[in-house]
Amino acid sequence: MKAKLMGIISMLCSMFACNAQTNDFKSLSVEEYAKAIEDTMVVRLDVRTPEEYAEGHIEKSLNIDVLNSDFESKALATLPKDKTIAVNCRSGKRSKNAARILVKNGYKVIELDSGYNGWIGEGKPVVK
């Protein structure tokens with residue numbers, strides 16, 4: 001009886017975990033992110049402040065500040081829903097918040113887990 005109950009609980013946990021994953025985003029390492037954004041169909045989104053963005057950013061990235069109250073409306077008006085959105089911020093915290101907002105609105109999202117700091121730490125190219 002106990003084994004059967006554990007099996008049912010395990011099955012339910014797997015079902016819910018799978019469901020949560022399909023509605024979520026993927027956090028990628030610098031190398032994985034660099035490879036993913038090589039695809040020209042992926043839209044690059046930097047969610048730092050305009051000042052941070054101006055100091056340096058990943059080439060061809062759009063800038064929409066996630067800390068602004070109009071982030072969601074700007075993102076919805078700007079970003080195509082038929083393309084993957086690759087999100088980055090400074091350290092990875094704001095990009096995860098932005099990713100959750102975008103996923104909630106039906107976007108497919110990947111994000112740079114270690115952020116722009118991780119990107120430059122690995123010697124990846126940036127533009128100013």
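Predicted model: local features only at pLDDT ≥ 70, side-chain atom pairs only at ≥ 80, totals over all residues.
Local features need pLDDT of at least 70 and side-chain atom pairs count only at pLDDT 80 or more, while totals for chains, interfaces and linings use all residues. Residues are numbered from 1 along each chain as its sequence is written, and side-chain values use heavy atoms, without hydrogens and water.

The protein chain contains six helices and five strands, taken as DSSP runs numbered from the N terminus (helices H or I, at least four residues; strands E, at least two). Along the sequence they follow the pattern α-β-α-β-α-β-α-β-α-β-α. Of its 128 residues, 39% are buried, that is, under 20% relative accessible area with a 1.4 Å probe, counting protein chains only. Among contacts (heavy atoms within 4.5 Å) with a separation of 6 or more, 62% come from residues 24 or more positions apart.

The five strands form an open sheet in the order β1-β5-β4-β2-β3, with parallel pairing; two strands pair if DSSP finds at least two bridges between them. From one strand to the next, the twist averages 30°.

Strand β2 (residues 43–46) runs parallel to β4 (residues 84–88), and four bridges join them. Here valine 43 stands opposite isoleucine 85 in β4. Helix α5 (residues 93–104) packs on the sheet and touches β1, β2, β4 and β5 (108–112). The direction of α5 makes about 180° with that of β5, where axes are lines fitted to C-alpha atoms, for helices over the stretch in contact, and angles run from 0 to 180 degrees between N-to-C directions.

How values were computed
Buried < 20%, exposed > 50% of the residue type's maximum accessible area, 1.4 Å probe, protein only.
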